[in-house]
Amino acid sequence: MSFSQVNTFRCCMSSPSSGRDRLPQSVSTVPRSNGAAEGNIAVLSLEGTKQRIKKMFNKVDLSVSSYDTAWVAMVPSPNSRKEPFFPECVNWLLNNQLRNGSWGPLNSHHLLTKDALLSTLACILALKRWNIGEEHIDNGLHFIKSNLASATDNEQLSPVGFNIIFPSMIQSALNLDMNLPVGASTLDALLLRKDVELQRGNSSNSEGWRAYLAYISEGIGDSSDWEMVMKYQKNNGSLFNSPSTTAAAFTHLNNAGCLSYLRSIIEKFGSAVPTIYPLDSSARLSMVSSLECMGIDRHFRDEIKSVLAETYRCWLQGDEDIFSDAGTCAMAFRLLRLHGYEVSADPLRQFSEDCFFNSFGGYLKDTGAALELFRASEVIIHPDESVLEKQHYWTSHFLKQALSDNLTQVERINKHIDQVDDALQFPSYATLGRLSCRKAIRNYNTDSTKILKSSYRCLNVGDEDFLKMAVEDFNMCQLIHQVELKRLSRWVVESRLDKLKFARQKEAYCYFSAAATLFPPELSDARISWAKNGVLTTVVDDFFDVGGSEEELVNLIQLIEKWDVNPITDSCSEQVEIIFSAIKSTVNEIEANAFPRQECSVINHVIEIWLDLVKSMLKEAQWLMYNSAPALDEYMENAYVSFALGPIVLPALYLVGPKLSEEAVRSLEFHQLYKLMSTTGRLLNDMQTFKRESAEGKLNAVTLAMLHGNGSATEEETFSEMKSIITIKRRELQRLVLQKDSVVPRACKDLFWNMCKVVHLFYAKHDGFTGHDLMKTVNGVTQEPIILGELQEGK
C-alpha cells in the first residue's frame, strides 16, 4: 500500500589480486551477462544514483502542511487585527486548493480523508477570518459535505488530536455563521467523541496528557491553559516544533519567542510551512541509519563521517533537537557509539519506562520511538549500564504488545511493525550484515508518510534512490559471490577434500559466513581466505574427532611444524597428505595475497595460528583417549583455541586493507579480541551440543561444569550461568571493537565482531552449523537476487 506523491518544498541544511579466477577490481567487478556495455551501464546507473543521494545530505525535504499554513495565515497583524500578519500564507491558501475543493496532499490516499477534512476546515476558517476567497470556501464546504462520514469512521487514519480539534473548529465555523453542512446527529457524534477523550485524559491528569493538550491547544482555543502551554516552549521559540501550535499561542499571548520562530520559518520556507520543523538532526541520522542497514554506507563514508561529527558536537553541547526527542536521542546514541564515539547512556534516563509513558510520545504510544530506544539498548558495552538494561526490558515488552494488538493502519503503512518483528526476532549481535541488508531492503518504505496533526513526509527518509541503489548493490555483490562459491567448490574437489569421507562438506556454510559479513567486491581475497580456512578447520576438526588415528594426528602436527616437507613422502597416510597439502597451498595463497598489502611476510604467523589449533585439538583428543576429565578452566583455556576460529579470522585480517603491525598482532588487545570471540563461540557451541556430546562421552563445558560442581549445579542453573558469561564476553568484545584508543585497526577488529555474530546465528537454537536448517538463509545471501519490481509492487 502506498500513499501518492505529496506537494513538497525544499529546505537546505547544512589491492592487488592474483591467481586463477581472480576477479578484476575496477568496472569489471560488475558481473556481465551481455558484455561490457551492459556492465558499464550498470556502473553508470549506480554512480548516478549515488550522486543523487550524496546531494541529499545537503538538504532536508519536507512536505507542505495545509493545516499548519492555515493556522499561520490566521495570525493577525499587531498593527491591525483585521489584517493577516503573514499575507503570503493567505495567498498560498488561495493558490493551492485542489480541484475537489480540499486542501492537502495531491491525490490523497483514501485512508487519509480525516487529514483532508481537518486541513480543509482550517483553510476555510483562515479565509473566512479575512473575508476573502468566497468561492474557495464554498468549494471547501462542498468537499466537507461529501466526505463528512469519514470523520466518524474508525478505519480512517486520524491526525493527532482530530477528535478534539475537528469538532472545535466546526463550532468555530458555526459561530461565524458559516453554512457548514453538518447534521445534528453527526455533530452530536463528533462532540461526544471530543467529550469522551477529554474526560478520559483529564481523569488521568498525567504529564503525557498535559503535553498532548498543549500540543493541540489551537483546537481548544480560549479554554486552553496558555500558561501551562508555554511551559513547553523550546529554545527556538516554538511549541513542540509545531507551526500551528506556535501560531495559536502567539495569537493569544503575543509571545516574542513564538513570533521569532514563525518569522524564521516563513523566511526559510516562503509562503507555506511544514507540520514539524526543525527535523534536520532526525532526518540526517535516519539517512545514515538507512544507508547502513541497507548495506550501501561504504559509498558515503565522507558524508556519514560529517553527519556523525556534527551530531557528536551537538551531543556534547546538549542540543535540544537531539535530547528532547526519544527517537532522535536513541538513534544518535546508537550510531555514535557504534562508530566509536565515547557517549554515555545517561541522557537516555529521561526515557525510562515511567518517563516515556508519562510523556507526549508515550501518550501517543509512539512505536517508532520505542523501536529506536530498543535498538539503542542493544549496544551495551559496559558492565554498569543499568539504564540500557532496563530500557531493553521495557521496550521489548512494549514492542511485543504492539505486535499482539490490533495493528493500526498507520503502523502497517509505515512498516514499523515489520521492523519491530525483525528487531525482536533477530538481535543485532546475531544478525549478519547481508542478512540484515536483505531484511532492511524488504522493509524499506519509499512512501514514508507519517501523521501528526497532518500527514507529512521527509523525502530524505524513504527515498526511491536508496532502495534502487541497495537492490543494485546487493545483486551486484551476489553475482560476484556466486562466482567465488563455484570457485570454492572446485577447490574442494581439486584439493581432494571431498575424498575424506569422515569430513562434513560445509563449503556453502563456510562461504556464506564470509559473504554475509565481508560482502564488498574489493574484499574478495579476504572472503576466499575466510571460506577456505572454514572448510579446512571443519575437515581438521572431524579428522581429530573421528577420522584420524593418534599417529596420523601427530604426523599432521609434525608436518606443519617442519612446513618445508614433501607431503607425499613425509605423510604417514593419504588422509594426512591431503589435509596438509590443502593447508599448505591455502597458507601460501594467503601469503601471496597479503604481501603486497602488508609489505612484509605473514606466513610464519599464519603457520603459528594453524599449529596452535592442531595442538589444542590433539590435547582434546588425548583427553578422550585416556579418559581424562580436566577442570573447567583448563578445558576452556584449550577449548577456545580448539573451537577453530583462529585460522578463519586471523589470516583474513591481513587481507581487509589496513596494515597490521607486529606490535598489533602481538598485543594484549589482539589476544583479548581473539579469546573473547572464541570463548563466546565455544560456550554457545557446547550449550547446543551438550546432550549429543554427553551421550557420546565427549568433553563439553556444560558437562565439566556440572561434574566439577559436586553435583550441586543443575543443568538449568549451568545453562543460565553460561548465558550470563556469554553476554559478558560478548559485550566486552564489542567494547574493544568500538573503542578508538586501539593498536588494532577498526577494519580488522570488525572481523572479530562479525565472527561473533556468525556463531550466535549458527548456534541460536541448536547446532546450526552441523544441520541443514540454515540453507534457506544461505541461499538468500548467495543465490536469490532481490527483484526491485516486486518490492515496488508490494508497497
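Phe-544 touches Leu-553, Leu-556, Ile-557, Val-614, Met-617, Leu-618 and Ala-621, leaving aside residues up to four places away in sequence, where contact means heavy atoms within 4.5 Å. This is a predicted model, in which local features need pLDDT of at least 70 and side-chain atom pairs count only at pLDDT 80 or more, while totals for chains, interfaces and linings use all residues. Residues are numbered from 1 along each chain as its sequence is written, and side-chain values use heavy atoms, with hydrogens and water left out.

Phe-544 belongs to the largest nonpolar core, which has 111 residues, and with Leu-497, Ile-560, Trp-610 and Phe-752 it is among those that touch the most other members. A nonpolar core is here a set of buried Ala, Val, Leu, Ile, Met, Phe, Trp, Tyr and Cys residues joined through side-chain atoms within 4.5 Å; buried means under 20% relative accessible area, exposed means over 50%, and partly exposed lies in between, with a 1.4 Å probe and protein chains only. The largest share of this core, 12 residues, comes from helix 29. A second, separate core holds 82 residues, including Val-60, Val-75, Leu-148 and Val-273. In soluble globular proteins, nonpolar side chains tend to be buried together.

Helices (H or I, at least four residues) and strands (E, at least two) are DSSP runs numbered from the N terminus, and the protein has 38 helices and four strands. Helix 29 covers residues 603-625, and at 1.5 Å a residue its 23 residues should span 33 Å, which agrees with the 33 Å between its end C-alpha atoms; the expected span is 1.5 Å times one less than the number of residues. Helix 29 is followed by Asn-627, whose phi is positive, near 50°. Helix 36, residues 746-762, gives a similar check, since its 17 residues should span 24 Å and its end C-alpha atoms are 24 Å apart.

Ser-495 lies in the loop between helix 23 (464-494) and helix 24 (507-515). Ser-495 is buried, with a relative accessible area of 12%, and it touches Ile-578 and Ala-582, not counting residues up to four places away in sequence.

Rings of Phe, Tyr and Trp (its six-membered ring) pair if their centres lie within 6.5 Å, and planes under 30 degrees apart count as stacked, over 60 as edge-to-face and the rest as tilted. By this rule the count comes to 32 aromatic pairs. One of them is the tilted pair of Phe-57 and Phe-300, at 6.4 Å centre to centre with 40° between the planes. Phe-57 lies in the loop between helix 1 (36-56) and strand 2 (59-63), and Phe-300 in the loop between helix 12 (280-293) and helix 13 (301-316), so the pair ties together parts that are 243 residues apart in sequence. Phe-57 and Phe-300 are both buried. Trp-315 and Phe-323 form another tilted pair, with 4.8 Å between centres and 50° between planes, and both of these residues are buried.

Ring pairs also link Tyr-215, Tyr-232, Phe-240 and Phe-360 into a cluster. Lys-453 lies over the face of Tyr-215, at 4.1 Å from the ring centre; a charge sits over a ring if NZ of Lys or CZ of Arg is within 6 Å of the ring centre and within 35 degrees of the ring normal. The charged end of Lys-506 likewise sits over the ring of Tyr-509, 4.7 Å from its centre.

Most residues other than glycine have a negative phi, and most peptide bonds are trans. Asp-177, in the loop between helix 6 (162-175) and helix 7 (184-204), has a positive phi near 60° and is exposed, with a relative accessible area of 71%. Trp-563 has a positive phi of about 65° and lies in the loop between helix 26 (550-562) and helix 27 (567-570), but at 7% relative accessibility Trp-563 counts as buried. A cis peptide bond, with omega about 5°, joins Tyr-277 and Pro-278, and Pro-278 is found in the loop between helix 11 (256-269) and helix 12.

For the protein as a whole, the C-alpha trace spans about 105 × 70 × 45 Å along its principal axes, and buried residues make up 57% of the 795 residues.
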